[in-house]
Amino acid sequence: MSSLRSLYASDGDRPELKTNMDVDYVLRYKIPSDSAEAEAGFTQLIEALTRVGLATEVRNGDESSLLVFVKVASEKHLTSHIYRERVQDWLYSVRITAPDKDVGKEFSNHAISEAERLRTVYLLITKPKNEGGAGITPKIGQWKHVISIFPLHNHSFNRQWIKQWSTKYFLNDQDLDQIRDKFGESVAFYFAFVQSYFAFLLFPAAFGFGAWLILGHYSWFYAFVNSLWSVIFFEWWKKKEVDLAVQWGVRGVSRIQRPRTQFRWDHEAADPVTGEAVKVYSPVKRLQTQLLQVPFALGCLTVLGALYIFCFSIEIFLSEVYNGPFKSYLTFTPTIILTGALPALSTILGNFAEKLTERENYETKDAHHASLVQKLFVINFLTSYTPLFLTAFVYMPFGNILVPYMDVFRTMAETFSSEESVTTQSFHINPDRLRKQVIYFTVTAQVVNFGLEAVAPYVKRKVFKEVEKAQSKNKASTSDVPEEHAFLERVRNEAKLDKYDVTGDYREMVVQFGYLSLFSAVWPLTPCSFLINNWVELRSDAMKIAVSSQRPIPWRADSIGPWINALGFLSWFGSLVSSAVVYLFSGDSEGPGGDPSNISGWGLLLSILLAEHVYLAAQFVVRYALSQIDSPGLQKERAERFSMRRQLLEESLGPEVTGKSLPPTPQAGEEITRESLEEEARRISTQGGGTPEQLFWLRQQGMDETVQIGRGLITQAKAAKR
């Protein structure tokens with residue numbers, strides 16, 4: 001495990017950080033309590049790895065585990081698998097041109113990247129046996145004692161990477177290409193998205209600052225510009241990710257699906273295209289399970305909504321109605337409740353979402369992941385935006401009507417109080433409540449999240465390390481070979497790190513985009529806060545990969561996956577919410593003032609309907625305008641397709657036929673035409689007669705005679721007019 005010290009200190013070039021001992025992957029094997037089971041499981045593991053052409057070495061892990069080091073036994077074996085993958089890419093139209101038939105020339109022209117090598121070795125370890133892999137799936141079935149499979153960090157690259165990014169304001173294409181070569185396209189797409197999002201935030205940040213100074217809060221003009229910006233960014237990113245996929249050679253790679261080991265099939269049937277036997281799961285059964293997503297969403301809404309409404313009511317009562325003792329302390333009660341209950345509820349609902357997705361029984365990992373992301377988005381949407389929706393559309397319009405129902409809290413307080421009655425004060429709508437909440441979620445919550453993401457794991461590792469040191473004093477030291485000890489200690493530390501999941505980082509950015517699309521009209525400085533946050537976020541995420549997590553498996557991807565649909569929904573829904581918020585609050589700084597009679601229902605509905613139509617019209621215009629703009633990636637794709645067509649024509653017809661032929665000169669054309677016509681006339685005269693068609697083409701002998709007769713006809717036509 002690297003650390004900030006190893007990345008920046010002068011001793012960061014220690015020998016154990018310079019080499020990975022040619023190790024491709026490390027498997028952590030937990031030793032079962034039963035000796036016979038432990039030896040049998042370990043033997044099966046080594047045999048399975050050896051059968052697919054992998055060399056192994058084993059060393060001590062901690063007190064209850066072993067570390068199995070894996071590398072490809074033969075480079076020729078590795079290149080053959082990579083070559084087959086490239087052929088597969090060509091068959092699935094991921095790459096335009098077929099790999100060179102000369103394998104050596106192919107790898108000379110297109111070298112194997114580090115990500116390509118690691119991905120191929122990982123597939124050798126995990127692919128099913130019938131597809132040429134070892135079939136090892138950690139923590140499942142036969143391999144339940146294999147805790148994890150992870151590649152080792154390249155600490156020389158990590159050190160250079162973090163130092164370089166810490167001194168740059170913007171990332172360029174070369175930076176993204178480095179991430180792609182080391183961590184795969186899946187991670188590279190995330191950093192490309194955040195970098196693009198950061199660059200696009202420059203305009204709304206500047207405009208929002210001006211709007212904050214000049215236009216103030218709840219400006220319809222700012223809301224319109226912000227919605228238009230979200231449309232432009234969303235449509236531009238869809239075009240950008242296609243461009244990146246082409247440049248990285250992965251466009252359409254999502255068509256190559258990775259099978260799930262956990263897939264349970266009903267029966268086998270012949271594939272209608274290939275005729276091969278394929279495993280089938282009833283689509284009716286899957287649809288029945290998928291329909292459970294509706295009650296799942298309603299259940300999430302009920303559970304989380306009830307929690308927020310309960311805490312929201314307590315907060316309103318304590319901060320704006322209650323006027324008794326300990327008020328300054330009691331106002332923290334809702335925060336304490338949410339801090340304790342919300343993470344637990346989110347974890348429970350997340351686990352339930354995973355089980356529900358598991359029951360849907362998808363055949364491929366990509367389909368399983370897309371379905372899981374949809375459910376997680378519902379949970380994140382409710383946990384992130386419900387407090388703001390309650391304030392904007394419940395507290396502000398209906399506050400005066402709902403406050404009398406809060407007497408239940410006064411009654412409860414009197415029950416637990418020694419006093420006969422609890423002191424209260426008259427209730428008044430707090431017009432600044434919504435703005436303060438938006439500031440909290442867009443500034444304070446971002447800082448807290450950074451602390452939980454970057455600082456908390458560092459502190460946790462330090463504490464655990466000190467505990468391990470204290471415990472190791474009473475235990476025998478590990479018997480390592482002296483020259484390997486430092487390297488093995490580093491590997492043991494990396495084995496204890498958390499697995500990096502890019503889904504969590506995508507979730508943060510999508511939720512942030514939602515705050516900007518939905519509620520930035522309340523506080524125009526929202527994009528300024530996000531601009532600063534995302535500059536830090538890019539570098540903290542890089543630090544998280546390099547320091548706090550195991551090196552990710554370098555998976556390929558051709559987009560940001562199902563999160564693009566979440567962005568599109570938030571962009572559209574943001575136009576509706578912004579129009580409603582502006583309509584409710586722009587006329588009066590206090591908004592409806594807690595009385596729904598101050599709201600014109602038809603006016604609110606009309607503003608929402610108008611906003612939606614303006615959004616759809618703007619989306620059509622932006623989409624059309626962007627479609628007229630060319631891009632380097634699409635130019636590259638067209639050039640490759642043209643080159644492929646030209647090569648196929650030359651191979652099929654020869655270069656003489658495919659070359660551009662020059663048209664005959666007038667003299668040559670006349671000579672050829674006259675000779676052919678005279679020869680034809682001579683043939684007809686010797687044979688006698690001739691068809692009307694043949695005689696028709698013998699009236700004029702060549703170009704000169706045609707021109708002469710044509711001039712005569714023109715002269716006759718002029719004379720006739722006179």
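**Labels and cut-offs**

Tutor: Glutamate 508 touches Asn449, Glu453 and Glu537, leaving aside residues up to four places away in sequence. Keep in mind that this is a predicted model.

Student: Where is glutamate 508 placed?

Tutor: In helix α20, which covers residues 502–519.

Student: Why is glutamate 508 said to have no salt bridge?

Tutor: Look at the nearest side chain of opposite charge. That is arginine 507, 4.4 Å away. A salt bridge needs the nitrogen within 4 Å of a carboxyl oxygen.

Student: What makes the pair of glutamate 508 and asparagine 449 a polar contact?

Tutor: Their side chains are 3.4 Å apart. The cut-off is within 3.5 Å, for N or O atoms, with one able to donate a hydrogen and the other to accept it. So the pair counts.

Student: Why is methionine 21 called partly exposed?

Tutor: The relative accessible area of methionine 21 is 42%. Buried means under 20%, exposed over 50%. The value falls in between, so the label is partly exposed. Methionine 21 sits in the loop between α2 (15–18) and β1 (25–30). Its phi is positive, near 55 degrees, though the residue is not glycine.

Student: How do you know that lysine 139 counts as exposed?

Tutor: Lysine 139 has 55% relative accessibility. The threshold is over 50%, so lysine 139 passes. Lysine 139 belongs to the loop between α6 (114–126) and β4 (146–150).

Student: What is the phi of lysine 139?

Tutor: About 70 degrees, a positive value in a residue that is not a glycine.

Note on methods:
Residues are numbered from 1 along each chain as its sequence is written. This is a predicted model: local features need pLDDT of at least 70, side-chain atom pairs count only at pLDDT 80 or more; totals for chains, interfaces and linings use all residues. Side-chain values use heavy atoms; hydrogens and water are left out. Helices (H or I, at least four residues) and strands (E, at least two) are DSSP runs, numbered from the N terminus. Buried means under 20% relative accessible area, exposed over 50%, partly exposed in between (1.4 Å probe, protein chains only). Lys and Arg count as positive and Asp and Glu as negative; His and the chain ends are not counted. Contact means heavy atoms within 4.5 Å.
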